Amino acid sequence: QVQLVESGGGLVQAGGSLRLSCAASESIFSISIMDWYRQAPGKQRELVATITSSGTTNYADSVKGRFTISRDNAKKMVYLQMNSLKPEDTAVYYCYRRIGNVWGQGTQVTVSS
């Protein structure tokens with residue numbers, strides 16, 4: 001069964017940091033582009049960060065300079081380091097694998113002001 005399992009969400013004060021992790025269960029992970037999305041209450045799901053199989057990254061303008069996406073293909077893990085968090089970063093964060101259109105269950109991030 002294909003799975004992506006996120007962890008690392010929680011409650012943090014503005015200016016703080018969190019590191020999200022996403023564990024994959026299939027070896028095809030290593031060749032897939034991986035994304036982090038987020039969805040705030042009442043808003044559409046938005047793309048936050050992308051990383052290719054070779055490590056090329058791209059970010060939404062709203063998180064550039066604050067968030068860093070990375071991956072460890074040997075461990076089948078992708079990470080999202082989030083620094084200088086703002087209340088508007090509050091959302092459920094999802095890991096997504098483009099090959100096979102696979103979503104994780106999401107992890108809640110709440111940033112208090």
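Predicted model: local features only at pLDDT ≥ 70, side-chain atom pairs only at ≥ 80, totals over all residues.
Strand β3, made up of residues 18-24, runs antiparallel to β8 and is joined to β8 by six bridges. Six bridges also connect β8 with strand β7, residues 67-72, and this pair is likewise antiparallel.

In soluble globular proteins, nonpolar side chains tend to be buried together. In this model the largest nonpolar core has 28 residues, and those with the most contacts inside this core are Trp36, Phe67, Ile69, Val78, Leu80, Met82 and Tyr93. At least two residues of the core come from each of β3, β4 (34-39), β5 (46-51), β7, β8, β9 (91-97) and β11 (107-112), and β3 gives the most, with four residues. The surroundings of Val78 illustrate how parts of the chain that are separated in sequence meet here: when residues up to four places away in sequence are not counted, Val78 touches Leu20, Ser21, Cys22, Phe29, Met34, Trp36, Ile51, Ile69, Ser70, Arg71 and Cys95.

Two of the residues in contact with Val78, Cys22 and Cys95, are joined to each other by a disulfide with an S to S distance of 2.1 Å. A search of the whole structure finds one disulfide. The torsion about the S-S bond of Cys22 and Cys95 is about -85 degrees, and the disulfide is therefore left-handed. This bond links distant parts of the chain, with Cys22 in strand β3 and Cys95 in strand β9, 73 residues apart. Both cysteines lie under the 20% limit for a buried residue, with a relative accessibility of 1% for Cys22 and of 0% for Cys95.

Thr107, in strand β11, gives a further view of how the strands are placed. Thr107 counts as buried at 11% relative accessibility. Twelve residues separate Thr107 from Cys95 in sequence, and their C-alpha atoms are 9.1 Å apart in space. Leaving aside residues up to four places away in sequence, Thr107 touches Glu6, Ser7, Gly8, Gly9, Leu20, Ala91, Val92 and Tyr93.

Aromatic rings form another group of contacts. A pair of aromatic rings is described by the distance of the centres and the angle of the planes. Four aromatic pairs are found in a search of the whole structure, and one of them, formed by Tyr94 and Trp103, is edge-to-face, with 6.2 Å centre to centre and 90 degrees between the planes. Trp103 also pairs with Tyr96: the ring centres of Tyr96 and Trp103 are 4.4 Å apart and their planes lie at 35 degrees, so this pair is tilted. Tyr37, Tyr94, Tyr96 and Trp103 together form one aromatic cluster.

Finally, the backbone angles of two loop residues are noted. Most residues other than glycine have a negative phi, and most peptide bonds are trans. Ser84, although not a glycine, has a positive phi of about 50 degrees; Ser84 is found in the loop between β8 and β9 and is partly exposed, with a relative accessible area of 41%. Asn101, also not a glycine, has a positive phi of about 55 degrees. Asn101 lies in the loop between β9 and β10 (102-103), where Asn101 is partly exposed at a relative accessible area of 49%.

Definitions and conventions:
Residues numbered from 1 in each chain as written. Heavy atoms only, no water. Pairing = 2+ DSSP bridges. Core = buried A, V, L, I, M, F, W, Y, C linked by side-chain atoms within 4.5 Å. Buried < 20%, exposed > 50% of the residue type's maximum accessible area, 1.4 Å probe, protein only. Contact = heavy atoms within 4.5 Å. Phe/Tyr/Trp six-rings, centres within 6.5 Å; stacked < 30°, edge-to-face > 60°. Disulfide = S-S within 2.5 Å.
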